[in-house]
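Okay, thanks everyone, I'll keep this short. Let me put the structure up, and then I'll walk you through a helix, a sheet and a few aromatic rings.

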Amino acid sequence: MLVYHLPGTFETREDHLDLLWEAGATGLEERAGLIRAYFDEQTDLPADISDGEWRDEADQDWQAEFKANLRPVPAGRVTIVPPWLRAEVPSTQVPLIIEPGMAFGTGHHATTRMAVEALSALDLDGQTVLDVGTGSGVLAIAAALLDARYALGVDIDPVTIPIATENAEQNGVPAGRAAFMVGTLGDDLPGDVVADGVFDVLVANLYAELHDLLVGAYVGHLRAGGPLILTGILVSKLPLVHEALDREGFTDVQVRTDGDWALVTARNA
């Protein structure tokens, strides 16, 4: 079995996980400060992930180990679980079932969990929600399960859209309550459900520099007074996000941190 050992964890190298999948990894596992990426054969890797080491190891059922190490993730009123742990969700919680795969988003990363918690703290009944950088669709699906009238997830990566759509179906989200499309803010968003592309709530799990670039578009796609939820932000980059929100007149700015990561909430003026 060929295993590529990459220094770091899923949290510290979140941006590099998709590079491993794209390079042909058949599975990822985090163990003792290393990311273990399983491959069928050795391959050239991008510079960003070239600081690891190839090892030929005895065959093992890595999928069984991976499944054994995953646990349910409580996030406010929601508990995020892979399909094989569905029975472990308490009856008082809303189960959100996500199959770990290429569009990384099991809910174990602090940014995903904090964003679901922030959505859970809102009254979404009858609301419309825009999820920017939807990935596996976790946040849009969470919004729909929390009684949002409609949730739209957009992502620039076309690989994510069928995965997010399948995840929504697996969670029993009714047709018309959640949709996913390739795109970003500034593109024409479907107007048949949300007039003029203006939503009641906007959530984005990106990174600080992208929030800085997109904050003006956030204003245009979020109703006046609507909640804005931003995550994917390193604590060291918080000043950049604060400056961007101040520049566009957002109010009621609040910050929550978990280790190196931050979640910022605000209101559109």
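When I say buried, I mean under 20% relative accessible area; exposed is over 50%, and partly exposed is in between, using a 1.4 Å probe and protein chains only. Helices and strands here are DSSP runs, H or I with at least four residues for helices, E with at least two for strands, numbered from the N terminus.

Before I go on, a word on where this comes from: it's a predicted model, where local features need pLDDT of at least 70 and side-chain atom pairs count only at pLDDT 80 or more, while totals for chains, interfaces and linings use all residues. Residues are numbered from 1 along each chain as its sequence is written, and side-chain values use heavy atoms, with hydrogens and water left out.

While we're on phi: most residues other than glycine have a negative phi. Here are two residues that go the other way. Ala 32 has a positive phi, near 50 degrees, and is found in the loop between β2 and β3. Ala 32 is also exposed, with a relative accessible area of 79%. Then there's Asp 147, with a positive phi of about 80 degrees even though it isn't a glycine. Asp 147 is in the loop between α4 (138–145) and β9 (150–155), and is partly exposed at 45% relative accessible area.

Four strands form an open, antiparallel sheet, in the order β2-β3-β1-β4. The edge strands are β2 (27–31) and β4, each pairing on one side only. Neighbouring strands in this sheet are turned by 25 degrees against each other on average, direction ignored; the axes are lines fitted to C-alpha atoms, for helices over the stretch in contact, and angles run from 0 to 180 degrees between N-to-C directions.

Zoom in on β1. With β3, β1 pairs in the antiparallel sense over 6 bridges, and with β4 over 4 bridges, also antiparallel. For two strands to count as paired, DSSP has to find at least two bridges between them. If you want landmarks, Tyr 4 stands opposite Ala 37 in β3, and His 5 stands opposite Glu 53 in β4. β1 is mostly covered, too: 5 of its 6 residues are buried.

That brings me to the rings. How many aromatic pairs does a search of the whole structure find? It finds 2. Rings of Phe, Tyr and Trp (its six-membered ring) pair if their centres lie within 6.5 Å; planes under 30 degrees apart are stacked, over 60 edge-to-face, and the rest tilted.

One is Tyr 4 with Trp 54, a tilted pair at 4.8 Å centre to centre and 50 degrees between the planes. Tyr 4 lies in strand β1 (residues 2–7) and Trp 54 in strand β4 (residues 53–56), so this pair ties together parts 50 residues apart in sequence. Tyr 4 is buried, at 2% relative accessible area, whereas Trp 54 is partly exposed at 22%.

Then there's Phe 39 with Trp 54: ring centres 5.1 Å apart and planes at 65 degrees, so that one is edge-to-face. Phe 39 sits in strand β3 (residues 34–39) and Trp 54 in β4, so to speak linking distant parts of the chain, 15 residues apart. Phe 39 is buried, with 5% relative accessible area. Put together, Tyr 4, Phe 39 and Trp 54 form one aromatic cluster.

The chain has 7 helices and 14 strands, and 49% of its 269 residues count as buried.
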